[in-house]
Amino acid sequence: MGWREVVVRRVGGGEPTDRVIEEEPLEIRVEGQAAAVTMRTPGHDVDLAVGFLLTEGVIDGLDDIRAVATVAENV
């Protein structure tokens, strides 16, 4: 899980930095077409995508899946 330290201003004192979890967008595509974009902490992206498609009713079960792939973003 990715995190970074950020400078914070606390009422009543305390440490000047805090750790926050970093989120990134994940685009889920079905047959090459964008189906959804969700924010997530990086990791387990395939599991997240399959679970999302199942709970949203896009697929009925694992037998509806022919292939799953991750594609790196071109920056």
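This is a predicted model: local features need pLDDT of at least 70, side-chain atom pairs count only at pLDDT 80 or more; totals for chains, interfaces and linings use all residues.
**Elements along the chain**

Helices (H or I, at least four residues) and strands (E, at least two) are DSSP runs, numbered from the N terminus. Residues are numbered from 1 along each chain as its sequence is written, and side-chain values use heavy atoms, with hydrogens and water left out.

Read from the N terminus, their order is β-β-β-β-α.

**Overall shape**

How does the radius of gyration of the protein chain compare with that of a compact globule of 75 residues? The chain has 18 Å, whereas such a globule would be near 11 Å; the radius is taken over C-alpha atoms, and the globule rule is 2.2 Å times the number of residues to the power 0.38. Along the principal axes, the C-alpha atoms fill a box of roughly 55 × 30 × 15 Å.

Buried residues make up 13% of the 75 residues in the protein chain. Here buried means under 20% relative accessible area, exposed over 50%, and partly exposed in between (1.4 Å probe, protein chains only). Contact means heavy atoms within 4.5 Å. Among contacts between residues at least 6 apart in sequence, 8% join residues at least 24 apart.

**The nonpolar core**

A nonpolar core is a set of buried Ala, Val, Leu, Ile, Met, Phe, Trp, Tyr and Cys residues joined through side-chain atoms within 4.5 Å. The largest one here has six residues: Leu 26, Ile 28, Ala 49, Val 50, Leu 53 and Ile 59. Both β3 (24-30) and α1 (45-55) supply at least two residues of this core, and the largest share, three residues, comes from α1.

Apart from its neighbours within four places in sequence, Leu 26 is in contact with Ala 36, Val 37, Thr 38, Arg 40, Asp 45 and Leu 48.

**The largest pocket**

The pocket search uses a 1 Å grid over the protein atoms alone: a pocket is an open set of points where a 1.4 Å probe fits, with protein on both sides within 12 Å along at least five of seven lines, and lining residues have an atom within 4 Å of a point. The largest pocket has a volume of about 950 Å³, a volume being the space filled by probe spheres set on the points, which are joined across faces, edges and corners.

Its lining has 26 residues, with Glu 27, Ile 28, Arg 29, Ala 69 and Thr 70 nearest the centre. β3 and α1 each give at least two lining residues, and β3 provides the largest share, seven. By class, 16 are nonpolar, one is polar and nine are charged. Ala, Val, Leu, Ile, Met, Phe, Trp, Tyr, Cys and Pro count as nonpolar, Asp, Glu, Lys and Arg as charged, and the others, Gly among them, as polar.

Gly 12 counts as exposed, at 82% relative accessibility. The C-alpha atoms of Gly 12 and Glu 23, eleven residues apart along the chain, are separated by 29 Å.

Glu 31 lies in the loop between β3 and β4 (33-40). Its phi is near 50°, a positive value in a residue other than glycine, and Glu 31 is exposed, with a relative accessible area of 68%. His 44, in the loop between β4 and α1, also is not a glycine and has a positive phi of about 55°. Is His 44 buried or exposed? At 65% relative accessibility, His 44 counts as exposed.
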